[in-house]
Every structure is written in C-alpha cells, then in structure tokens.
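Subject: Structure for you to look at

Hello,

Here is the structure you will be working with. Please open it before you read on.

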Amino acid sequence: MELLKLSDSGLYCEIGNFFIDPWRPVDRALITHAHSDHARPGSRSYLCQADSAPIMRLRLGEDARIETTSYGETTTINGVSVSFHPAGHIMGSAQIRVEYKGEVFVVSGDYKTDPDPTCLPFEPVVCHTFISESTFGLPVYQWPESKRVFSEINRWWCANRDQGKTSILFVYSLGKAQRVLLGIDASIGAIHTHGAVENINEIYRESGVTLPVTHRVSGERKDDWRGALILAPPSAHQSAWVKKFGSVSTGFASGWMRIRGARRRRSVDRGFVLSDHADWRGLNSAIEGSGAATVLLTHGYTSAMVRNLTEKGLDARTLATEYAADENGGE
Ligand SMILES: [Zn+2]
Ligand SMILES: [Zn+2]
C-alpha cells in the first residue's frame, strides 16, 4: 500500500485514514496553509499549524472543527507519524511530513525560499518522496532580490505622490499584503486597505506581527486619497470600488509580472516581481535539499520540472491535483 496516493478528494493516506489539503469534504483534513485552494470548507475536522488557525477560522467559519499543532511536534494518527515544518510561504504555512515504518513522505504545500519577515523560513526536511508544488517551474522564473523590488515600489509611490496621484497596489490579501507592508517605506504617505486585506492584517497583528498603521477604506468616510497607497486584492481591479480614488496609478505585485506582456494583460500601469512561491532556483534547491529520490509535482509548470529532474536521475512525475494554477489561489 502506498503511504500517500491521489484520490478523487485529494492526497490520501489510507493507513492513517487522513487527507492533506483535500479539495472535497473529508472526515479528517491536514492543512498545509490557509489559502483558499488548500483549505476548503466542509470537512469534519482539520489539523493545521497553530499560527494558521485564526485565518482558517475566519475562512471556514465558527463551526469548523480545527485542531492545531506546533512546528516540529509529532502527532500519531492510526500509527502514522505526522509533523508540520515551516514552508516560508505565509504565516503558519507548513510542509507536512508523514512517516510510517521508516518510509517518509513530505508534502510541501506552497513554499518559498526567499526571506519573508511575516513567517519562519523554509526548512529542508529529508524524505524519500517529496511532493512539491511547481507553480513557477520554468527557468524564466527567477526572482530579483526582494529588497530591490520594495525600492521600486517606494520610488513608484513617491513619484505618484509628487504628482498628486493615488497609488493602488494589487496584492493577494493573505500573505503578500503583509509582506509588502513590512517591506515598503511606510513614511512615504498614508496607507489605506481594502477590507479583505485589513481583515487579514488584524489577524497578523493579533499574532504578534507588527505591521505599519493602515486605514480600512470605508464607504462613508471622505478621505483625501492623493499621495496615499491603497492595498487591494486583484479581484478589486476594474470594479466600481477603485473608481472612488480619482487620479490613480495602478500596480500589481506578483511572480507573474516576471513575464513580458503580463502587466499589459492585467492592465495595470506597473508590475512588480514579488512572489510567495519559490522560483526555478528555489524549487530546485528545495528538491535537492529534501534528498528525495522520488519527486511528485503539483500545480503549475510541472512538465518542464519533470524533464529537468529526470535528467538529474530522479524519479519525477506530475500529480494531477486541483490546486489553483494562479498564485495564492487567485486571491
Ligand atoms: Zn497552492
Ligand atoms: Zn498558497
């Protein structure tokens, strides 16, 4: 019996009778992180890393049965040992290590190897089989140093401010927004947030992450938006919501901005290459660090990565999962 295999509902451990990040409701779901394509509602019970729990609660509702574990702590489920390890993706994100009779699988969830002050750094976990995401599994995806990207955002914001314009930066509400808030120079001007972003900011603050002061955009208040920075989820783009800000410059912070033409397709004025996923080099170094002889790849550009790993002598295959191909589940 394989320790973990793909079923209609998701990655399944038959011996332990649990699922990891299932896309259909199941009895027992172990969750790598709270992005909506990994943490879906309807399961009877959830197990996640403790820092993930408040966000899971916000998204899955008051009635969801959520149990927590700490990084590195071992839980035994029907004789199978399970532990969670930092994935460096967003607050509380984890790789899940599954061990039975000496055989070890690690399910990466989403991860990155670049620094992020909102979460613990990615921790290499040695295993026989590594189930890795591959969202940006093409050599063209190479991230610039994040410090450089934050300077670009600062310069763009300053230039807009000096022209009396409002800067609207589209960022995924969970993870990316908070990383941006800690990366930029908050002294440039006022920062306002879409409700979806501010709800997550509140949880991060309650968890001890010191974010700069932000103001929730509300319908009633008449603010002077000139010179301000507005953080909003990509879904707010081209909605009535953005109309109220008058003369604006728009930007999008995402790994997708690495590709020529992506900015125009998103119809924003500026693209900033900033991702909460590993780039090609990050994926390769994480896979190497796992020491795994077998690598199963989920979401994204898996076929180029399969070829690359096969050439290195690894047993590499694609797993047809139902995680969103868009970064952070399109949030
Ligand atoms: Zn994902
Ligand atoms: Zn994610």
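Predicted model: local features only at pLDDT ≥ 70, side-chain atom pairs only at ≥ 80, totals over all residues.

Domains. The domain assignment divides the protein into domain 1 (5-141 + 276-330) and domain 2 (146-272). Their C-alpha centres are 28 Å apart. Where the two meet, 21 residues of domain 1 are in contact with 20 residues of domain 2. On the domain 1 side, the touching residues are eleven nonpolar, five polar and five charged.

Core. The largest nonpolar core has 87 residues, and Leu30, Met56, Leu169 and Leu231 touch the most other members. Domain 1 and domain 2 each supply at least three residues to this core. In soluble globular proteins, nonpolar side chains tend to be buried together. If sequence neighbours within four places are left aside, the contacts of Leu231 include Leu169, Val171, Ile191 and Val197.

Helix 4. This helix covers residues 195-206. Its twelve residues, at 1.5 Å a residue, should span 16 Å, and the end C-alpha atoms are 17 Å apart, so the two values agree. Val197, Ile200, Asn201, Ile203 and Tyr204 are buried in helix 4. Viewed down the helix axis, the buried residues fall within an arc of 165°, so they line one face of helix 4. What do they pack against? The buried residues of helix 4 pack against helix 1 (53-60), helix 3 (176-183), strand 13 (191-193) and strand 15 (229-232). After helix 4 comes Gly208, with a positive phi near 100°.

Regards

Definitions and conventions
Residues numbered from 1 in each chain as written. Chains lettered and ligands numbered in written order. Core = buried A, V, L, I, M, F, W, Y, C linked by C-beta atoms within 7 Å. Buried ≥ 20, exposed ≤ 12 C-beta atoms within 10 Å, placed from the backbone. Domains from an automatic or database assignment. Contact = placed C-beta atoms within 7 Å. Helix = DSSP H or I, 4+ residues; strand = E, 2+ residues; numbered from the N terminus. Expected span 1.5 Å × (residues − 1). Arc of directions from axis to C-beta. Nonpolar A, V, L, I, M, F, W, Y, C, P; charged D, E, K, R; others polar.
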